[in-house]
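Colleague: I would like to learn how to read the features of a model such as this one, step by step. Could you take me through it, with the general idea before each case?

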Number of protein chains: 2
Amino acid sequence: MRKLKLYLAGPDVFLRDATDVGRWKQAQCRALGHEGLYPLDNHLPKDAVAIFAANRALMDCADAGLFNLSPFRGPSADAGTIFELGYMAAQGKPLFGYSNERASYAERAAQTHGPTVEQDGVLHDRDGHIIERFAQSENLMISKAIRASGGLFVAMAEREEPKLASYGAFVACLTAIENI
Amino acid sequence: MRKLKLYLAGPDVFLRDATDVGRWKQAQCRALGHEGLYPLDNHLPKDAVAIFAANRALMDCADAGLFNLSPFRGPSADAGTIFELGYMAAQGKPLFGYSNERASYAERAAQTHGPTVEQDGVLHDRDGHIIERFAQSENLMISKAIRASGGLFVAMAEREEPKLASYGAFVACLTAIENI
């Protein structure tokens, strides 16, 4: 299998130990003969425009993306990570998602935005907004983009801190890339 | 100005009166000589794969996108909407964002995931995760993608129900397209 440039997207960049987490994930990529492109190297000292341009350039040169879709500040994944997944979906690149959370999106939304009400077979959150019920891990655009790209999604409860890094699911996902 | 096909993305599809909201927004587009492509027409009776394919086809044929980035189930915009913004960003299409919320992302995150702690000049939420402080309405990848595309972002408090539809900011944003 040829060496791949893998864009490592996720809310990992917002962890206190973001650099260590990124270095660890890059080492896992290297152990399998790939190169992990971690956006943190672009972050702290620069302004927002420079970070955007640098992250976009990393995505443009990547062969595929690994997206940490663990819930972040709500039932959904991190906004920046989702943006990047959409961006690479349009480029037709293989998308791989992983998460520290095995519950479906509907279950998570019910937990953070319940109590839910069912009406005419449709589930609503406490604000009266419809909750998608396709038994998927995320909004269907995300789940189905991963599927359509030929990639896959792995969810595993995480025991190691910081749990948001989702180490176990990351390794499972990375290993699976070998077999695709 | 030529007639544009405008993809109308947003959590509007999760409103009880999603169809009415979509029809109203499409009428506003028509009044300015444009065509509003509203993804709801793709939703209810189909399965998730069919909805994904239909929404993607709408984006592929759109000239530009209008994205309702009002906060949805947390401090960030709806996950599906963000995915679509990323997708159309990679296509190099003009992106226009609007929201019913004038507070910055950092202010919203402090509200939903506070109390915050400042350490060495960096702001952390209650889980110890860093809060971006670029005084922007959303994650920098979203804000800067809109800017880089030549589009713009409009935030206005909304008085009409359902507030999530963000009618006022939508009209302001749509009108601004005329002048770009």
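This is a predicted model: local features need pLDDT of at least 70, side-chain atom pairs count only at pLDDT 80 or more; totals for chains, interfaces and linings use all residues.

Colleague: Which aromatic cluster does Phe170(A) belong to?

Modeller: Phe170(A) forms one aromatic cluster together with Trp24(A), Tyr98(A) and Tyr167(A).

Colleague: How should I read a pair of aromatic rings, and how many aromatic pairs are there over all chains?

Modeller: A pair of aromatic rings is described by two values, the distance of the centres and the angle of the planes. Over all chains, the count comes to ten aromatic pairs. One of them is formed by Phe14(B) and Phe72(B), whose centres are 5.6 Å apart and whose planes make an angle of 20°. Planes under 30 degrees apart count as stacked, and the pair of Phe14(B) and Phe72(B) is therefore a stacked one.

Colleague: Where do Phe14(B) and Phe72(B) lie in chain B, and are they buried or exposed?

Modeller: Phe14(B) is in the loop between strand S1 (5-9) and helix H1 (18-31) of chain B, while Phe72(B) is in the loop between strand S3 (64-68) and helix H3 (79-90) of chain B, so the pair ties together parts that are 58 residues apart in sequence. Both Phe14(B) and Phe72(B) are buried.

Colleague: Now to helices: what describes two packed helices, and how do H3 of chain A and H5 of chain B cross?

Modeller: Two packed helices are described by the angle between their axes and by the distance between those axes. In this case, the axes of helix H3 (residues 79-90) of chain A and helix H5 (residues 140-148) of chain B come within 8 Å and cross at roughly 50°. H3(A) and H5(B) are therefore oblique to each other.

Colleague: Which residues meet where H3(A) and H5(B) are in contact?

Modeller: From H3(A) there are Ala79(A), Phe83(A) and Glu84(A), and these meet Met141(B), Ile142(B) and Ala145(B) of H5(B). By class, the contact of H3(A) with H5(B) has five nonpolar residues, no polar ones and one charged one. As a general point, an α-helix has 3.6 residues a turn, so residues three or four places apart point the same way.

Colleague: How many of the residues of H5(B) are buried, and what covers them?

Modeller: Seven of the nine residues of H5(B) are buried, so this helix is largely enclosed by the rest of the structure. The buried residues of H5(B) are Leu140(B), Met141(B), Ile142(B), Ser143(B), Lys144(B), Ala145(B) and Ile146(B). Their cover includes helix H2 (48-61) and H3 of chain A, along with H3, strand S4 (95-99) and strand S7 (153-155) of chain B.

Colleague: Let us turn to the backbone. Which peptide bonds are cis in chain B?

Modeller: Among them is the bond that joins Gly114(B) and Pro115(B), with omega at about 0°. Pro115(B) is found in the loop between helix H4 (105-113) and strand S5 (117-119) of chain B. The bond from Glu161(B) to Pro162(B) is also cis, with omega near -10°, and Pro162(B) lies in the loop between S7 and helix H6 (167-177) of chain B.

Colleague: Which residues have a positive phi although they are not glycines?

Modeller: Asp120(A) is one of these, with a phi of about 50°, and its place is in the loop between strand S5 (117-119) and strand S6 (122-124) of chain A. Ser166(A) has a positive phi of about 55° and is located in the loop between strand S7 (153-155) and helix H6 (167-177) of chain A. As for accessibility, Asp120(A) is exposed, with a relative accessible area of 78%, whereas Ser166(A) counts as buried at 0%.

Colleague: What does Lys163(A) contact, leaving aside its neighbours within four places in sequence?

Modeller: Lys163(A), in the loop between S7 and H6 of chain A, is in contact with Asn100(A) and Glu158(A) when those neighbours are left aside. Lys163(A) counts as partly exposed, at 40% relative accessibility.

Definitions and conventions
Residues are numbered from 1 along each chain as its sequence is written. Chains are lettered from A and ligands numbered from 1 in the order in which they are written. Side-chain values use heavy atoms; hydrogens and water are left out. Axes are lines fitted to C-alpha atoms, for helices over the stretch in contact, and angles run from 0 to 180 degrees between N-to-C directions. Helices (H or I, at least four residues) and strands (E, at least two) are DSSP runs, numbered from the N terminus. Angles under 35 degrees count as roughly parallel, over 145 as roughly antiparallel, 65 to 115 as roughly perpendicular and the rest as oblique. Contact means heavy atoms within 4.5 Å. Ala, Val, Leu, Ile, Met, Phe, Trp, Tyr, Cys and Pro count as nonpolar, Asp, Glu, Lys and Arg as charged, and the others, Gly among them, as polar. Rings of Phe, Tyr and Trp (its six-membered ring) pair if their centres lie within 6.5 Å; planes under 30 degrees apart count as stacked, over 60 as edge-to-face and the rest as tilted. Buried means under 20% relative accessible area, exposed over 50%, partly exposed in between (1.4 Å probe, protein chains only).
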